Amino acid sequence: QVQLVESGGGLVQAGDSLRLSCAASGRTGSSVGMGWFRQAPGKEREFVAGVNWNGASTLYGDPVKGRFIVSKDTAKNTVILQMNSLKPEDTAVYYCAESADYSCTRYGCQEANLYRYWGQGTQVTVST
């Protein structure tokens with residue numbers, strides 16, 4: 001059973017940076033696509049970023065383009081979300097997810113239904 005554990009959330013001020021990590025365990029290989037999603041209170045879950053199996057292909061949701069960077073360390077089974085120039089509207093619970101879908105593995109993907117495993121989430125709060 002694959003387990004994903006997020007870390008690095010916290011309370012920061014607008015304009016600050018934060019680095020989220022997602023550690024995966026319980027699988028035998030690293031040929032999977034990984035993604036980050038977020039959900040704010042009263043809002044639907046939103047795609048943040050996705051990365052393919054080797055980290056060479058990345059996708060970003062429009063609200064975070066140019067500010068967030070997703071990367072993958074296949075040797076450590078870890079995916080990182082570097083969040084820069086944070087805004088109050090970035091406040092949400094951030095979830096890491098893993099997909100074995102072919103397109104997600106090869107290119108990265110933003111469709112939540114293609115992700116099979118999900119972490120418990122980490123809270124990010126950005127104050128004004």
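**Strands around S8**

I began with the partner of Phe68 and found that its bridge partner in S8 is Met83. The model is predicted, so I kept to its limits, which are that local features need pLDDT of at least 70, that side-chain atom pairs count only at pLDDT 80 or more, and that totals for chains, interfaces and linings use all residues. Residues are numbered from 1 along each chain as its sequence is written, and side-chain values use heavy atoms, with hydrogens and water left out.

For the element names I used DSSP runs numbered from the N terminus, a helix (H or I) having at least four residues and a strand (E) at least two. I took two strands as paired where DSSP finds at least two bridges between them. Strand S7, residues 68-73, pairs with S8 in the antiparallel sense over six bridges. I noted that S7 and S8 form a hairpin with four residues between them, and that Asn77, in the turn, has a positive phi of about 50 degrees.

I then looked up strand S3 (residues 18-25), which runs antiparallel to S8 and is joined to it by six bridges. Here Arg19 has Gln82 as its bridge partner in S8. For exposure I called a residue buried under 20% relative accessible area, exposed over 50% and partly exposed in between, with a 1.4 Å probe and protein chains only. On that scale strand S8, residues 78-83, is mostly covered, with five of its six residues buried.

**The cavity**

I counted as a cavity a set of points, on a 1 Å grid over the protein atoms alone, where a 1.4 Å probe fits but cannot get out, and as lining any residue with an atom within 4 Å of a point. Grid points are joined across faces, edges and corners, and the volume is the space filled by probe spheres set on the points. One cavity of 30 Å³ or more came out of this count, and the largest cavity holds about 50 Å³ of space.

Its lining includes Cys22, Lys72, Asn77 and Val79, and S7 and S8 each supply at least two of the lining residues. I sorted the lining into three nonpolar, four polar and three charged residues, counting Ala, Val, Leu, Ile, Met, Phe, Trp, Tyr, Cys and Pro as nonpolar, Asp, Glu, Lys and Arg as charged, and the others, Gly among them, as polar.

**Disulfides**

In one of them the sulfur atoms of Cys22 and Cys96 are 2.0 Å apart. Cys22 lies in strand S3 and Cys96 in strand S9, so this pair ties together parts that are 74 residues apart in sequence. The torsion about their S-S bond is about -75 degrees, so I recorded the disulfide as left-handed. Cys22 is buried at a relative accessible area of 0%, and Cys96 is buried, also with 0%.

The other disulfide joins Cys104 to Cys109, S to S 1.7 Å, and with 90 degrees about the S-S bond this link is right-handed. Cys104 counts as buried at 0% relative accessibility, and Cys109 counts as buried at 4%.

**Asp101**

Last, I located Asp101 in the loop between strand S9 (92-99) and helix H1 (102-107). Asp101 is partly exposed, because its relative accessible area is 27%. I also noted that Asp101 and Leu114 are 13 residues apart in sequence and 6.4 Å apart in space, C-alpha to C-alpha.

How values were computed
1 Å grid on protein atoms, 1.4 Å probe; cavity = no way out; pocket = protein on both sides within 12 Å on 5 of 7 lines; lining within 4 Å. Disulfide = S-S within 2.5 Å.
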